[in-house]
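Open the structure in your viewer and get ready to select. The stops below follow one another.

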Amino acid sequence: MDSLAANQDQILVPPITPSQIRALIARMDSVIDLDKLKDGTPFADAGADSLDFFNIISEIQMATGVIISDEDIEQVNTLNNLVAFLNARMS
Amino acid sequence: MARFRTRRFEPTDEDELNQRYVEIMRMNWPDFSRSLDLMRWLWYQAPGGSVESWVIETENPDGSWRIIGHHGLCPVRFTFGDLDLLCAKTVNTFLLPEFRTKFLYLRFEQQCLAEAHSHFDATYSNGPGTARMRKALGYTGTDAWLPLEHCSDSLDLATKLFSRVVHRVPRAPFTQMGRAWAAGCAMSARKPSFEWTEYSPEEARQSQFFSDFWQQARTTAGMTPRRDAADLAWRFWQRPGSNFVTLVHEWAGGARAYCIVDVSHPILYYIVDMVVTPPRPDLLDAVLDALFLWRARRGALSISIWLTSEGQPPELMEVFFRRMKTHPLQRFRPRWEVPRYLSPRGRETLGGSMPRWNITQMMIPL
């Protein structure tokens, strides 16, 4: 919750890039190994757990205003996929 | 792309939910089982009310839906001195592993909590490894489960090792040797200052002892589940498929104690509930003396209890630590925390602060 509150004023505008998302994750209290998190690496393969997924999605929703539904979660499993999804929704 | 929906549990889900829960529990405990009767007992018979329950479903290729996850809040009546509180324990919270990267369980749980938190003063979880995740939902607490065990006053470690051998090789000669060993432990045990009165579940439920016990004990018991006869009957005495013995004692001056012991396993016993009132170290010492001898005489090699690390007054914890042992590798084991969430209603009732909780863990998964 701390990380969410800390980033409430962080607004992302398109085009969103993987490095912006990576910077956002770096500020979170997460167990993700950022060295392993390449643009096409599934978050789970970089060590993300349920809390990390929840925090990433929550922060992204807050920063972009884009709602990521349960059906969309599978599509946003990497930085590249997440960025493509957000840019498509925000364009 | 998988499609999901979430909704409130309905009675027609009982069978499927129970089946799915058993499946997921068997991933860690291959022998785990739970009857539909027991599930219904837990869901509908608690004195605090029915379980608040939600399911997650995914759509099958043929258009039908199947349950893949669940969140439940089981009402448990608590007291804190004169205050009556209604708390809720998370029960049967799961998402099938193959959906854990496809569905945001925490968002679902957050929605469930938002829907139900006004019904409860607090919610808490006894499941292992959930504290980090639940902090994101507002759960707090540094308290952790502390397993303690007693095997023998003189040969504790040897008895412990032997009990594990008997446990793993449950054949008659080993069990008989275990009982003989326990009888030896009984001869060397400290002589207790009293003998327990032993009740069957039915006798306990109807006894005079429990008719007013909680009125006396609640004043000094801290924040803890209520122990009226109705609560104990639901948690233990009338629980389908259970095998509990209730031991009670009343001292001449009015002090009282009881223990409820799970005797399902012939060699390894578990204390599932225990209250000494007033909570004095000398009384607890006497209770443990009587309990250890009772256990050894019955032929069991070990008796265990799970306490929260901060739930008991320090002077009682000192007695537990002196008389019982933690696991030899406890310091290397991950901390099993007990996350708690104080709702706005509970904040108002308790004046904004979360008191220490005095709870014991039943080593039987709900």
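Helices here are DSSP runs of H or I with at least four residues, numbered from the N terminus. Axes are lines fitted to C-alpha atoms over the stretch in contact, and angles run from 0 to 180 degrees between N-to-C directions. This is a predicted model: local features need pLDDT of at least 70, side-chain atom pairs count only at pLDDT 80 or more, and totals for chains, interfaces and linings use all residues. Residues are numbered from 1 along each chain as its sequence is written, and chains are lettered from A in the order in which they are written.

**First stop.** Select residues 14-26 and 36-44 of chain B. These are helices α1(B) and α2(B), packed at about 105° with axes 10 Å apart. So α1(B) is roughly perpendicular to α2(B) (65 to 115 degrees). Now show B:Glu14, B:Asp15 and B:Asn18 of α1(B), then B:Leu36, B:Met39 and B:Arg40 of α2(B); they make the contact (C-beta atoms, placed from the backbone, within 7 Å).

**Next stop.** Select residues 172-188 and 281-297 of chain B. Helices α6(B) and α10(B) pack here at about 145°, their axes 7 Å apart. Show B:Ala182, B:Cys185 and B:Ala186 from α6(B), with B:Leu293, B:Ala296 and B:Arg297 from α10(B); these form the contact.

**Last stop.** Bring in chain A. Its contact with chain B takes 16 residues from chain B and 13 from chain A. On the chain B side, select α3 (105-116) and α4 (131-135): each supplies at least two residues. Which helix gives the largest share of that side? It is α3(B), with three residues.

Terms used. Two residues are in contact if their C-beta atoms, placed from the backbone, lie within 7 Å. Angles under 35 degrees count as roughly parallel, over 145 as roughly antiparallel, 65 to 115 as roughly perpendicular and the rest as oblique.
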